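Student: Could you take me slowly through one part of this model, the place that a database record marks as a binding site? I would like to see how its residues sit among their neighbours.

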Amino acid sequence: MTVAAIIVAAGRGTRAGGDIPKQWQLIGDRPVAAYAMARFASHPAISQLILVLHPDDIDTPLWPREPAATVVTGGATRAASVQAGLAAAGPDIDTVLIHDAARPLVSDAVIDRVLAALATSVGAAPALAVTDTLWHGAEATVTGVQDRTGLYRAQTPQGFHLGPLREAHAASTGQETDDVAVARAAGLDVSIVAGDEANIKITTPEDFVRAAELMRHTMTSLPDIRCGNGYDVHRFGEGDHVWLCGVQVPHTRSLQGHSDADVGMHAVTDAIYGALGKGDIGQHFPPSDPQWKGAASHIFLEHAVALAAAQGFRIGNADCTLVCEFPKIGPHHDAMKAVMAAYMGIESDRISVKATTSEKLGFTGREEGIAAIATVTLIKP
Ligand SMILES: Nc1ccn([C@@H]2O[C@H](COP(=O)(O)OP(=O)(O)OP(=O)(O)O)[C@@H](O)[C@H]2O)c(=O)n1
Ligand SMILES: C[C@](O)(CO)[C@H](O)COP(=O)(O)O
């Protein structure tokens, strides 16, 4: 899947009022549109960012030049603006996410849910089931009650396979308020994924205040914190040293493995992959691949840390327990913390390496091998 995000920002925002269109008005120190642009630009699945502007806005300093985007001019309707965005998708793009510039609080979780649904569906969009009782009314008087069963509040980003959506737009009336309506008119099925109450569209003047409050809540006080665990075992064979948490420790035997068999570093690495939901070392560095034979395990650890960084996460802390009778870990504990901290790009007081025996019980007690268990937290501010 090669994905472009199309941010439609060519509307005039008449309902929101103000001297300039709503997407360029400031919330905090940034224009409304800058929040969604930054969110999509930093998402690891997005290969191209396309910004659709009103012709009057092209030469103004209103819109953010960073992050870099393919910039095109839109049309008189939202559908025409989306069509301009679709035409600007690069040759490799096969999937598009179309998002309102006026929805600054879109989260990675919503984007991920839409992308996941596109693996099995030609279209997918976030929405929230209507939970309020619905009335018909006229002249400030209730005239009837509307059954809310099966009613949803639509949100963006709305995601589609590019080819079918282009065809749907070519056949559209141009008056549809969103791409789900365009797709459905062309007979395409669109999956509903869970939306987010915070993912509001700024439509009226009051929405600026709501969005600012939600930002204070979701962006300031609630960082995305993930926790992962890792577990690994390697057996002893012939040799005169073991690698543990990046330190070469003299011993009467060595740990056997496809790589350098650093069981502690493997457990920490798997904990990072676990926190990201990105599999394990074997998936990223298959033992069947000869290029990893005898590999130094810091290659795996650095890969996991880089994967986390690419998704906006830094390592909060790591706690690793080595289970063995021998060698004794105490004399090497400080060096292990320092080495692990260097590879993970964090202070050594955020790393714990400790050891326990298993009271001579089990395979570690019989000194047949060493086990390691690790927990890692990842933080995205
Ligand atoms: N011709 C248009 C109309 C709308 N949009 C974009 O579509 C999104 C959702 O539309 P809406 O909230 O209706 O925005 P406006 O049309 O700007 O608002 P209004 O109807 O109040 O004028 C917005 O990000 C808007 O900039 C667009 O790119 N081109
Ligand atoms: C695309 C949209 O934001 C989905 O909720 C919506 O359809 C935009 O148009 P509206 O006229 O402001 O509802």
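Tutor: What follows is a close look at the annotated site, then at a helix beside it in the discussion, and finally at the ligands.

Please keep in mind throughout that this is a predicted model. The unreviewed UniProt entry lists Asp232, His234 and His266 under "binding site". These residues are spread over 35 residues of sequence, and yet they cluster in space, with a largest C-alpha distance of 10.2 Å.

Let us begin with Asp232, which is found in strand β13, a strand that covers residues 224–237. Asp232 counts as buried because 22 C-beta neighbours lie inside 10 Å, where 20 or more are needed for that label. If we leave aside residues up to four places away in sequence, Asp232 touches Val263, His266, Ala267, Asp270 and Ala372, so that list brings in His266, another of the residues that the record names.

His234 is also found in strand β13, and His234 counts as buried because it too has 22 C-beta neighbours inside 10 Å. With residues up to four places away again left out, its contacts are Leu255, Gln256, Gly257, Ala261, Val263, Gly369 and Ile370.

Helix α7 comprises residues 263–276, and its 14 residues should span 20 Å at 1.5 Å a residue, which agrees with the 20 Å between its end C-alpha atoms. The helix is mostly covered, since 13 of its 14 residues are buried. Just after α7 comes Gly277, which takes a positive phi of about 70°.

The ligands can be described by the residues around them. Around ligand 1 there are 22 residues, of which Val8, Ala10, Gly11, Arg15 and Ser81 come nearest. Strand β1 (3–9) and helix α2 (78–87) each supply at least two residues of this shell, and by class the shell has 8 nonpolar, 9 polar and 5 charged residues. Around ligand 2 we find Asp100, Ala154, Gln155, Thr156, Thr177, Asp178, Lys201 and Thr203, and this shell divides into 1 nonpolar, 4 polar and 3 charged residues.

Methods
Residues are numbered from 1 along each chain as its sequence is written. Chains are lettered from A and ligands numbered from 1 in the order in which they are written. This is a predicted model: local features need pLDDT of at least 70, side-chain atom pairs count only at pLDDT 80 or more; totals for chains, interfaces and linings use all residues. A residue is near a molecule or strand if its C-beta atom, placed from the backbone, lies within 6 Å of it. Helices (H or I, at least four residues) and strands (E, at least two) are DSSP runs, numbered from the N terminus. Ala, Val, Leu, Ile, Met, Phe, Trp, Tyr, Cys and Pro count as nonpolar, Asp, Glu, Lys and Arg as charged, and the others, Gly among them, as polar. UniProt positions are given in the numbering used here, feature names are shortened, and annotations may be inferred rather than shown by experiment. A residue is buried if 20 or more other C-beta atoms lie within 10 Å of its own, exposed if 12 or fewer, and partly exposed in between; C-beta atoms are placed from the backbone. Two residues are in contact if their C-beta atoms, placed from the backbone, lie within 7 Å. The expected span of a helix is 1.5 Å times one less than its number of residues.
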